[in-house]
Amino acid sequence: QVQLVEFGGGLVPTGGSLRLSCVVSGGTFSSYAMGWHRQAPGKQRELVATITRQGATNYVDSVTGRFTISRDTAKNTLYLQMNNLKPEDTAVYYCSRYGWVTPRGSPANWGRGTQVTVSS
């Protein structure tokens with residue numbers, strides 16, 4: 001059974017940085033597209049960034065230039081480097097694995113999430 005576990009959330013001041021990690025076990029990591037999503041209180045979950053099997057990336061406009069998604073297939077780990085954080089980035093961040101080499105449709109697997117809080 002595939003499991004995704006996120007690490008690295010926390011409390012940071014505005015302008016600070018965090019790096020989230022997502023370790024994948026119980027299934028193939030390198031063959032599928034991966035993604036990061038977030039859900040703020042009272043809001044719907046939104047897609048933040050995706051990465052294909054080949055390493056092509058895509059970001060929501062609000063994080064472009066500040067966040068970087070990457071993957072280390074040797075460690076079965078997905079990363080999200082977040083710089084210049086803003087209070088509106090406060091949310092629970094979720095890691096996901098898609099069922100294809102590109103991020104089409106809904107993810108097949110989800111992590112439980114890690115809280116990121118940016119203080120103003």
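This is a predicted model: local features need pLDDT of at least 70, side-chain atom pairs count only at pLDDT 80 or more; totals for chains, interfaces and linings use all residues.
Gly105 counts as exposed, at 65% relative accessibility. Where does Gly105 sit? In the loop between S9 and S10. Take its C-alpha and that of Ser31. They are 74 residues apart along the chain, and 16 Å separates them.

Now step back to the whole chain. How many helices and strands does it have? The tally is 0 helices and 11 strands. Read along the sequence, the pattern is β-β-β-β-β-β-β-β-β-β-β. Along the principal axes, the C-alpha atoms fill a box of roughly 40 × 30 × 25 Å.

Some totals next. Of the 120 residues, 40% are buried. The accessible surface is about 6200 Å². Carbon and sulfur atoms account for 47% of that surface. On contacts, consider residues at least 6 apart in sequence. Of the contacts between them, 57% join residues at least 24 apart. On charge, there are 12 positive side chains and 6 negative ones. The centres of those two sets lie 7 Å apart.

Now to individual residues. Let me take Cys22. It is in strand S3, residues 18-25. Is Cys22 buried or exposed? Buried, with a relative accessible area of 0%. Look across to Cys95. Cys22 and Cys95 are 73 residues apart in sequence, yet their C-alpha atoms are 6.3 Å apart in space. What else does Cys22 touch, leaving aside neighbours within four places in sequence? Its contacts are Leu4, Val5, Glu6, Trp36, Asn76, Thr77, Leu78 and Cys95.

Asn76 is on that list, so let us go there next. Asn76 lies in the loop between strand S7, residues 67-72, and strand S8, residues 77-82. At 26% relative accessibility, Asn76 counts as partly exposed. Its backbone deserves a look. Phi of Asn76 is near 50°, a positive value in a residue other than glycine. For context, most residues other than glycine have a negative phi.

There is also Asn84. Phi of Asn84 is near 50° as well, again positive and again in a residue other than glycine. Which loop holds Asn84? The one between S8 and S9. Asn84 counts as partly exposed, at 43% relative accessibility.

On to the aromatic rings. How many aromatic pairs are there? The count comes to 1. The partners are Tyr94 and Trp110, arranged edge-to-face. Centre to centre, the rings are 6.5 Å apart, and their planes make an angle of 85°. Tyr94 lies in strand S9, residues 91-97, and Trp110 in strand S10, residues 109-110, so the pair ties together parts that are 16 residues apart in sequence. How do the two partners stand on exposure? Tyr94 is buried, at 13% relative accessibility. Trp110 is partly exposed, at 35%.

Thr52 is in the loop between strand S5, 46-51, and strand S6, 57-59. Why does Thr52 count as buried? Because its relative accessibility is 11%, and the cut-off for buried is under 20%. What does it touch, not counting residues up to four places away in sequence? Thr52 meets Ala33, Arg71, Val101, Thr102 and Pro103.

Beyond its neighbours within four places in sequence, Gly8 is in contact with Leu18, Arg19, Leu20 and Thr114. Compare its position with Leu80. Gly8 and Leu80 are 72 residues apart in sequence, and 9.5 Å apart in space, C-alpha to C-alpha.

To recap. The chain has 11 strands and 0 helices. Cys22 is buried, at 0%, with the Cys95 C-alpha 6.3 Å from its own. Tyr94 and Trp110 form an edge-to-face pair. And Gly105, where I began, is exposed.

Note on methods: Residues are numbered from 1 along each chain as its sequence is written. Side-chain values use heavy atoms; hydrogens and water are left out. Helices (H or I, at least four residues) and strands (E, at least two) are DSSP runs, numbered from the N terminus. Buried means under 20% relative accessible area, exposed over 50%, partly exposed in between (1.4 Å probe, protein chains only). Contact means heavy atoms within 4.5 Å. Accessible areas come from the Shrake-Rupley method with a 1.4 Å probe; for residues, only the protein chains shown count as cover. Lys and Arg count as positive and Asp and Glu as negative; His and the chain ends are not counted. The place of a charge is taken as NZ of Lys, CZ of Arg, CG of Asp or CD of Glu. Rings of Phe, Tyr and Trp (its six-membered ring) pair if their centres lie within 6.5 Å; planes under 30 degrees apart count as stacked, over 60 as edge-to-face and the rest as tilted.
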